[in-house]
Structure formats: C-alpha cells, structure tokens
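Please look over the sequence and the structure shown here before reading the report that follows.

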Amino acid sequence: MSQHRTSGDGTSDDRTSHALPEYAERVLDVAELIPPGRVMTYGDVAEWLGEGGPRQVGRVMSLYGAAVPWWRVVRADGALLPGHELRALDHYRAEGTPLRGASRAAEGHLPRLDMKRARWDGVTADGDADRDKGAGAHN
C-alpha cells in the first residue's frame with residue numbers, strides 16, 4: 001500500500017506521519033486503479049474489496065479522497081458530486097468520460113455521467129482482471 005500520494009492539486013499527502021485505517025488505504029488504492037475516462041460507483045468499490053458498503057466508501061472518499069482521482073468514484077445514478085460539480089466536470093471532459101446531456105429540469109443544467117458507457121468493471125484493456133490490490137470479487 002502506498003504511503004505517499006500526490007493530491008489533485010499537486011500537493012503531497014505524506015501518510016507516514018498520519019497512518020490511515022487499512023480499509024481507507026484499500027479504498028484509495030482501488031480509486032487509483034480506475035482508468036481515465038471510466039468510473040466506479042461507491043458500491044462497486046465496496047464489492048471489489050469484498051467488505052463495507054457504499055456509505056463506508058463514500059466516507060473514506062470524503063475524508064481522504066483528495067489524494068487520488070476522486071472524480072472516478074461516483075454515485076450510482078451518475079449525478080455529479082454536490083459541491084464539486086464543476087471541478088469534476090472539468091476532469092470528465094479532459095479524460096473523455098462519457099456524459100449524458102443535461103435535461104432542462106436538471107439543477108444548474110449540469111450533465112450526468114453516462115453510467116452504461118463510463119462504468120468500469122475492474123477489467124484491464126487486455127481482458128485480465130486488475131486485482132493486484134483488491135481482495136474481493138467484482139462481477
């Protein structure tokens with residue numbers, strides 16, 4: 001597990017002085033596996049690890065997620081993370097993450113993630129499951 005990460009703003013997150021809970025380390029490791037342009041839901045990450053649930057993963061991401069590509073761990077409905085919509089949208093556009101157009105009823109007319117196309121199942125491009133850091137099974 002990594003003991004040193006760089007956050008999205010380029011600052012360093014040195015974990016040697018502040019040890020994270022093992023579960024948090026595992027969640028962050030999975031977030032780092034998600035390829036650019038793809039996403040996993042909070043529940044997908046929990047399933048991948050074989051423990052916890054969406055709320056536990058969400059809690060880890062809210063407390064420690066700034067050091068990893070946080071915008072790749074998302075809500076199952078594809079809605080952008082409240083309070084971080086524009087930052088996340090910039091990342092999605094830069095990475096080519098599939099989006100659905102915003103409806104006129106959508107608050108702020110923000111798009112949603114196209115979950116059918118953007119969702120990553122944990123399989124690498126060559127077809128092998130990338131489970132070096134995950135303990136559980138993910139279908």
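Which residues in H3 are buried? In H3, a helix of residues 54–64, the buried residues include Val57, Val60 and Met61, where buried means under 20% relative accessible area, exposed over 50% and partly exposed in between, with a 1.4 Å probe and protein chains only.

## Basis of the model

This is a predicted model, in which local features need pLDDT of at least 70 and side-chain atom pairs count only at pLDDT 80 or more, while totals for chains, interfaces and linings use all residues. Residues are numbered from 1 along each chain as its sequence is written, and side-chain values use heavy atoms, with hydrogens and water left out.

## Overall make-up

The protein has 5 helices and 6 strands, which follow one another from the N terminus as β-β-α-β-α-α-β-α-β-β-α. Helices (H or I, at least four residues) and strands (E, at least two) are DSSP runs, numbered from the N terminus.

Of the 139 residues in the protein, 41% are buried. Among contacts (heavy atoms within 4.5 Å) between residues at least 6 apart in sequence, 57% join residues at least 24 apart.

The buried residues of H3 pack against H1, against helix H2 (42–49) and against strand S4 (73–74).

## Where H1 meets H3

The axes of helix H1 (residues 22–33) and helix H3 come within 10 Å and cross at roughly 85°; axes are lines fitted to C-alpha atoms, for helices over the stretch in contact, and angles run from 0 to 180 degrees between N-to-C directions. H1 and H3 are therefore roughly perpendicular to each other, a term for angles of 65 to 115 degrees.

Tyr23, Ala24, Val27, Leu28 and Ala31 in H1 meet Gln56, Val57, Val60, Met61 and Tyr64 in H3. By class, this contact has 9 nonpolar, 1 polar and no charged residues, where Ala, Val, Leu, Ile, Met, Phe, Trp, Tyr, Cys and Pro count as nonpolar, Asp, Glu, Lys and Arg as charged, and the others, Gly among them, as polar.

## Arg112 in strand S6

Arg112 belongs to strand S6 (residues 112–113) and counts as partly exposed because its relative accessibility is 33%. Leaving aside neighbours within four places in sequence, Arg112 is in contact with Asp77, Gly78, Ala79, Leu99 and Arg100.

Terms used:
Parallel < 35°, antiparallel > 145°, perpendicular 65-115°, else oblique.
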